[in-house]
Amino acid sequence: MTAPLVVFFVLAALAVIGAVSLILQKHPIHSALSLIVVMVALAGLYLLLGAEFVAAVQIIVYGGAIMVLFVFVIMLLNAGVEEHTNLSKMAGAPGLLLVVALAGFVAATIAKSAESVHAAPQTGELASTLGISNMIFKDFVYPFELTSFLILVAVLGATVLAQREKS
Amino acid sequence: MTSFLSSNAELVITVVKIALLLFIVLTVNAYLTWFERKVVAHMQSRWGPHRVGPHGLLQPLADGLKFLFKEDPTPAGADKFVYYLAPLLALALALTSIALIPFGPEPLPWKFYGKAIYLGIVSPDVNIGILALFAITAMGVYGVALAGWSSNSKYPLLGGLRSSAQMISYELALTMSVVGVLLMAGSFNLKQIIEAQAHHPERGIFGWNVWPQILGFFCFFVAAVAETNRVPFDLPEAESELVAGFHTEYASFKFAMFFIAEYTSMITVSCLCSILFFGGWLSPFPASWTFTHYLPSVILIPFGLWVILDGFRYETMFGRIILPGVGTAIAGLGAVFVLLPNVNEFIQAPFWLLSKIFVFLFVYVWMRGTLPRFRYDQLMAFGWKLLLPLSIVNVIVTSFVILARMTWGAK
């Protein structure tokens with residue numbers, strides 16, 4: 001095995017273990033920590049594909065900002081171990097079925113397109129900072145601006161909700 | 001053996017460099033505590049540490065030993081895994097960020113099995129240098145926040161909450177304030193950011209980013225101090241309110257790990273300030289003033305002689321032996337630079353970078369000796385209502401100036 005392949009399998013294993021542990025952990029903080037492991041492992045995979053910028057942004061935005069907010073809220077509310085109601089226990093059985101179905105679907109898709117997966121080129125120029133900025137600010141500038149507008153609306157909504165009690 | 005070395009030269013170089021850098025950073029950290037205590041003491045008309053060794057120079061060693069031998073209790077009801085993970089995370093991330101700093105533009109004059117040896121662990125050509133640094137800083141919050149949460153104690157929890165809120169707030173300003181510099185350099189690469197400040201070698205100090213980016217520098221430095229939890233932003237460990245904040249329940253070497261992490265991030269921030277705004281390894285003098293290349297010797301030789309003289313007058317026998325020895329070594333180093341022009345040429349870049357880092361470390365200590373702590377609401381208002389808008393204004397103004405220059409062609 002070549003070195004990048006070893007790194008790939010280590011990172012992939014980390015991501016999968018993190019994702020499983022995210023679901024199985026009892027305490028919300030432990031789940032949040034598992035999610036951080038998944039995020040960082042994904043960033044490593046992006047780096048392996050040559051997408052340096054995306055990898056860094058993945059850690060800064062998801063690993064840093066968003067997960068810090070999660071952890072902050074869990075700490076602030078001092079959320080303890082999750083309580084299970086009868087309904088949430090019952091949800092396990094159909095959930096398992098869905099997991100099997102989804103896994104089968106994904107496996108079938110990969111098996112079908114195995115050759116095109118192998119032939120996938122390194123991201124290269126397109127994933128460089130220049131390539132991404134060209135895409136965001138030239139080719140897809142209107143969808144990008146629309147998305148920023150959507151986020152602005154969400155921010156305004158949050159502000160209004162937070163100030164509701166004053167009026 | 002030889003075949004192993006030649007086929008894995010890159011790996012061997014990296015491992016040796018990591019070990020060396022670890023040793024240097026940890027030693028510098030230890031003496032930074034000595035420096036801080038000494039400087040703050042003199043600012044407050046005290047002597048500071050001066051019992052252990054001449055001028056207290058062995059105090060860091062005594063402190064380190066003390067950390068190793070202290071009892072290390074774990075609080076009842078603590079979340080064991082997270083409690084042990086937090087200091088590890090804090091220290092590991094702080095040390096990783098140092099690995100991304102380039103300390104000089106040129107590789108060492110000799111090669112190791114055909115591989116160039118650069119100063120700094122990664123080669124200076126990492127394209128996302130500054131972004132990777134921000135990524136590591138962004139993860140740095142977890143050490144403090146998790147330590148506060150996992151201790152199962154109210155003061156650490158409050159400290160952890162404060163630090164998460166503080167770091168989220170100031171990270172925005174920190175990142176935005178650098179955008180101006182990135183726009184001027186057109187790159188995330190730390191080496192290219194420095195080289196962009198050398199476009200006019202004859203301008204020397206006036207070519208640095210700090211002049212056009214003075215607003216950005218102000219925002220960056222303030223936000224960076226807040227990110228490192230140092231005075232006046234040390235609310236997560238405000239000792240008058242929270243005992244010792246997030247690390248109240250940590251003793252022995254686990255506490256030392258937080259301590260080392262904090263001092264290491266101080267060094268990283270000083271490196272970043274020098275690189276982004278103060279020309280990194282560039283000399284402040286115009287490039288044609290070659291006589292300034294003797295400055296390292298001009299500083300080192302008199303300083304060494306002064307240490308020798310001071311040593312002869314020192315009160316203890318130990319000091320009278322050690323200090324002249326140290327002074328001779330320093331003066332000797334200065335003499336080597338005078339006598340070997342090649343070596344002198346090579347150390348110019350690292351010399352300037354290290355001098356600038358030293359100045360910023362002094363500013364850190366100076367602030368600690370001078371400024372009172374912020375109140376929590378002041379801290380939030382300062383970050384969100386002043387720093388963030390200022391750094392956004394800086395980005396907009398810089399982009400317009402660059403756009404205007406591109407359009408009307410000032411040069």
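Start in chain B and select His55(B), which sits in the loop between H2 and H3 of chain B. Helices here are DSSP runs of H or I with at least four residues, strands are runs of E with at least two, and both are numbered from the N terminus. His55(B) has a positive phi of about 55° although it is not a glycine. His55(B) counts as buried because it has 20 C-beta neighbours inside 10 Å. The cut-offs are 20 or more other C-beta atoms within 10 Å for buried, 12 or fewer for exposed, and partly exposed in between, with C-beta atoms placed from the backbone.

The model is predicted: local features need pLDDT of at least 70, side-chain atom pairs count only at pLDDT 80 or more, and totals for chains, interfaces and linings use all residues. Residues are numbered from 1 along each chain as its sequence is written, while chains are lettered from A and ligands numbered from 1 in the order in which they are written.

Next, select Ser45(B), in the loop between helix H2 (9–43) and helix H3 (59–69) of chain B. Ser45(B) is not a glycine either, yet has a positive phi of about 55°. Is Ser45(B) buried or exposed? Ser45(B) counts as exposed, because 6 C-beta neighbours lie inside 10 Å.

Now display H6(B). This helix has 32 residues and spans 46 Å from its first C-alpha to its last, close to the 46 Å expected at 1.5 Å a residue; the expected span is 1.5 Å times one less than the number of residues. Centre on Val179(B) to see a kink of about 25° in H6(B). The bend at a residue is the angle between axes fitted to the seven residues ending there and the seven starting there. After H6(B) comes Gly186(B), with a positive phi near 70°.

Move on to Asn189(B), in the loop between H6 and helix H7 (190–196) of chain B. Asn189(B) counts as buried because it has 21 C-beta neighbours inside 10 Å. Beyond its neighbours within four places in sequence, Asn189(B) is in contact (C-beta atoms, placed from the backbone, within 7 Å) with Asp125(B), Val126(B), Asn127(B) and Gly129(B). For a distance check, pick the C-alpha atoms of Asn189(B) and Gly383(B): 194 residues apart along the chain, they are separated by 27 Å.

Show both chains for the interface. There, 19 residues of chain B are in contact with 16 residues of chain A. On the chain B side, helix H5 (129–150) and helix H6 (154–185) each supply at least two residues. H5(B) gives the largest share, 9 residues. By class, the side of chain B that touches chain A has 16 nonpolar, 3 polar and no charged residues. Nonpolar covers Ala, Val, Leu, Ile, Met, Phe, Trp, Tyr, Cys and Pro; Asp, Glu, Lys and Arg are charged; the others, Gly among them, are polar.

For the largest nonpolar core, of 117 residues, select those with the most contacts inside it: Ala56(A), Ile59(A), Ala90(B), Ala135(B), Phe220(B), Ala223(B) and Leu276(B). Apart from it lies another core, of 5 residues, including Leu300(B) and Val307(B). Such a core is a set of buried Ala, Val, Leu, Ile, Met, Phe, Trp, Tyr and Cys residues joined through C-beta atoms within 7 Å.

Finish with chain A, which has 8 helices and 0 strands. Buried residues make up 16% of its 167 residues. The domain assignment, automatic or from a database, gives domain 1 (1–80) and domain 2 (128–167) of chain A. Their centres, taken over C-alpha atoms, are 24 Å apart.

Terms used
Contact = placed C-beta atoms within 7 Å.
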